[in-house]
Amino acid sequence: MNDQIVSTLQQSLRGRLIGPSDADYDAARALYNGMIDKRPRLIARCVDVADVIAAVNFGRDQGLLVAIRGGGHNGPGLGSCNDGLVVDLSMMKSVRVDPASRTVRVDAGCTSGDVDHATHAFGLAVPFGIVSTTGVAGLTVGGGTGYLTRKYGLTIDNLLEADVVLANGSFVTASESQHPDLFWALRGGGGNFGVVTSFLFQAHPVGTVYAGPIFWEATHAKAVMRAYRDFLATAPEELGAFVGLKTVPSMDPFPKDYWGRRACAVISSYNGSAEEGEKIMARLLKSVPPPIFNWMSAMPFPAMQALFDPFFPKGLQWYWKGDFVKSLPDEAIDTHIAQAAKAPSELSLMHLYPIEGAVHRVPKDATAWNTRDATWSMVITGIDPDPKQADALKTWGRAYWTAIHPFNLEGAYVNFMSDDEVQGRVQATYGENYKRLASVKAKYDPENLFRVNQNILPAAF
Ligand SMILES: Cc1cc2nc3c(=O)[nH]c(=O)nc-3n(C[C@H](O)[C@H](O)[C@H](O)COP(=O)(O)OP(=O)(O)OC[C@H]3O[C@@H](n4cnc5c(N)ncnc54)[C@H](O)[C@@H]3O)c2cc1C
C-alpha cells in the first residue's frame with residue numbers, strides 16, 4: 001500500500017490516522033493486556049460515524065485485516081491485529097441521558113465508568129461489568145455481566161437499539177423493529193456483524209448502594225463457598241454478589257498480618273438501604289466463621305464500580321479462561337480450592353459471577369446469548385505485572401481450567417475466552433443459536449471482514 005493510498009484515507013477522516021512512523025504509535029497500539037503485543041499497519045482514530053464508514057470501506061477495499069477497538073480491554077487482544085487496520089472508537093465518547101424515558105445513548109468509545117458517571121447524576125445505571133475502565137462496546141456485544149445482572153439482566157437485555165456500520169459500508173439502526181435479525185445477533189454474538197457506533201440502553205434506578213468486599217482466610221474457603229452457594233439461591237435479586245478465590249493485597253489499607261495470604265472473598269452490591277443490606281448479608285455471615293474484614297458500606301454506585309480499578313492498571317499480564325457453571329457441588333468447591341492454592345502470583349484469581357434471576361427470564365432464543373440456564377459465569381485469570389511470569393500464568397490457568405471444566409457446562413462467556421480455546425468452543429457456547437448466527441453473519445458480513453473476534457463463520461448458502 002503506497003503513501004498516496006494511505007493519504008486518501010487520512011483526507012476522508014476527521015480523526016487521526018496513526019502508523020508505525022508516528023511518535024505515539026506505541027501508545028496508540030498498546031492494549032489493556034500487556035501480554036498481547038500487536039503491531040497494526042494503521043490505526044484509524046475515528047471521531048464520528050463518517051470516519052467509521054471511511055475506515056471500513058478502506059479496510060475492505062484494500063483487503064486489510066480489520067479489527068474493531070472499543071475500550072481495548074479484551075483478554076486475547078481482539079481489539080487489535082497484526083499488519084491490519086484498527087478501527088479505533090476510543091475518541092467517540094458522548095453519553096446522553098434521557099431521564100424521562102430512563103434511557104441513555106452511549107457512543108462506542110465509552111468505558112462503563114463514562115456511562116456510570118453520566119447516569120448517576122440522574123439516579124440511574126445500566127448493568128455493566130465490575131471494572132470501570134472496561135469498554136462498553138466489546139462488553140455489550142459479548143453479553144455483559146455485573147452487580148445489577150440478577151435484577152436487571154445482562155447488558156444486552158437492556159439494549160434497545162444500536163447504530164451499526166456494516167461490512168459494505170452502509171449504516172443501519174438495529175432494534176426490535178429495524179433489522180431485527182441483526183439486533184438479535186448483536187446481543188451476544190460479539191463483534192462479528194459490524195461496527196457499532198452507538199448504543200441505546202434502558203437504565204434503572206440505582207443511586208447509593210450497600211456494597212464492598214468481605215474477605216476470609218483461605219482455610220475457611222470451603223465453608224464460605226458452600227454457604228455463599230446456598231445463600232445466593234434465596235438472596236433478593238437487588239443483591240449482586242460474586243465469590244472469589246484470591247490473595248489479600250500486600251498494601252494499605254489491608255491488614256498487614258494478612259498481606260500476600262490466600263483468601264476467599266464475597267464481593268457484593270445491594271441496591272437498597274444499608275440497613276436492609278446488612279440484614280440480608282447477616283444471613284450469610286451467621287453461617288460462616290468471622291471474616292478477616294468486612295468493608296461493606298453505603299457508597300455511590302459508581303464508586304463501587306471503580307473499587308477495583310487501582311489494582312488493575314493498564315499493562316499487566318493477563319491470561320483468561322472461562323466457563324459457564326450450572327451448579328457448584330461440594331467436589332467442585334474442593335477442586336477450586338486446590339487449584340486456586342497453586343496461583344503463581346498475588347493478583348491471580350478465580351471469580352464466579354451470578355447470571356441467574358432476570359437472565360433466566362429471557363428465552364434462550366430471544367438473543368444470541370444461548371446459555372440462559374447457567375447460575376454463574378466463571379473466570380480464572382492469571383495476572384501479574386512481570387512479563388517473565390507469562391508462561392507461569394498460562395500454565396496455571398490451563399491446569400486449573402482442565403481440573404474444573406468437568407463440573408461445568410461446555411460453553412463460556414465469549415468475553416472470558418482466551419485465544420487457545422479447544423476446537424468448537426464458540427459453537428458449544430452458542431448451542432442451537434449458532435446456526436442462526438451463521439446465517440445472520442452470511443447476510444451482513446458474507447466475506448467475514450469482521451473476523452478478529454470469537455469468530456462465527458458465515459453460513460454457506
Ligand atoms: C479488568 C477487566 C474486568 C472485566 N470485567 C468484566 C465484567 O465484570 N463483566 C463483563 O461482562 N466483562 C468483563 N470483562 C471482559 C470484557 O467484557 C471484555 O474484555 C470486552 O471485550 C471488553 O470490551 P472492550 O470494548 O474494552 O474491548 P476491545 O478490546 O476494544 O474489543 C474487544 C472485541 O469487542 C468487539 N468490539 C469492540 N468494539 C466494538 C464495536 N464498537 N462494535 C462491534 N464490536 C466491537 C470486537 O470484536 C473486539 O474484537 C472484563 C475485562 C477486564 C480486562
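Visitor: Before we start, what counts as a salt bridge here?
Guide: A salt bridge is a side-chain nitrogen of Lys or Arg within 4 Å of a carboxyl oxygen of Asp or Glu, and the model to which this is applied is a predicted one.

Visitor: And how many salt bridges does a search of the whole structure find?
Guide: The search finds 27 salt bridges.

Visitor: Take aspartate 26, then. Which side chain does it meet in a salt bridge?
Guide: The side chain of aspartate 26 meets that of arginine 29, with an N to O distance of 2.9 Å; the two residues lie three apart in helix H2 (residues 25-29), so about one helical turn separates them.

Visitor: Is arginine 29 buried or exposed?
Guide: Arginine 29 is buried, its relative accessible area being 11%, whereas aspartate 26, at 45% relative accessibility, counts as partly exposed.

Visitor: Switching topic, where do aspartate 373 and lysine 326 sit?
Guide: Their side chains form a salt bridge at 3.4 Å, N to O, and this pair links distant parts of the chain, 47 residues apart: aspartate 373 is in the loop between strand S18 (349-354) and strand S19 (376-384), while lysine 326 is in the loop between strand S17 (317-325) and helix H11 (330-340). Aspartate 373 is partly exposed at 31% relative accessibility, as is lysine 326 with a relative accessible area of 42%.

Visitor: What about glutamate 421 and arginine 425, buried or exposed?
Guide: Both are buried, and their side chains meet in a salt bridge of 2.8 Å, N to O.

Visitor: Which residues join them in a network?
Guide: Through salt bridges that share partners, Lys321, Asp323, Arg398 and Asp420 are joined with Glu421 and Arg425 into one network.

Methods:
Residues numbered from 1 in each chain as written. Predicted model: local features only at pLDDT ≥ 70, side-chain atom pairs only at ≥ 80, totals over all residues. Heavy atoms only, no water. Helix = DSSP H or I, 4+ residues; strand = E, 2+ residues; numbered from the N terminus. Buried < 20%, exposed > 50% of the residue type's maximum accessible area, 1.4 Å probe, protein only.
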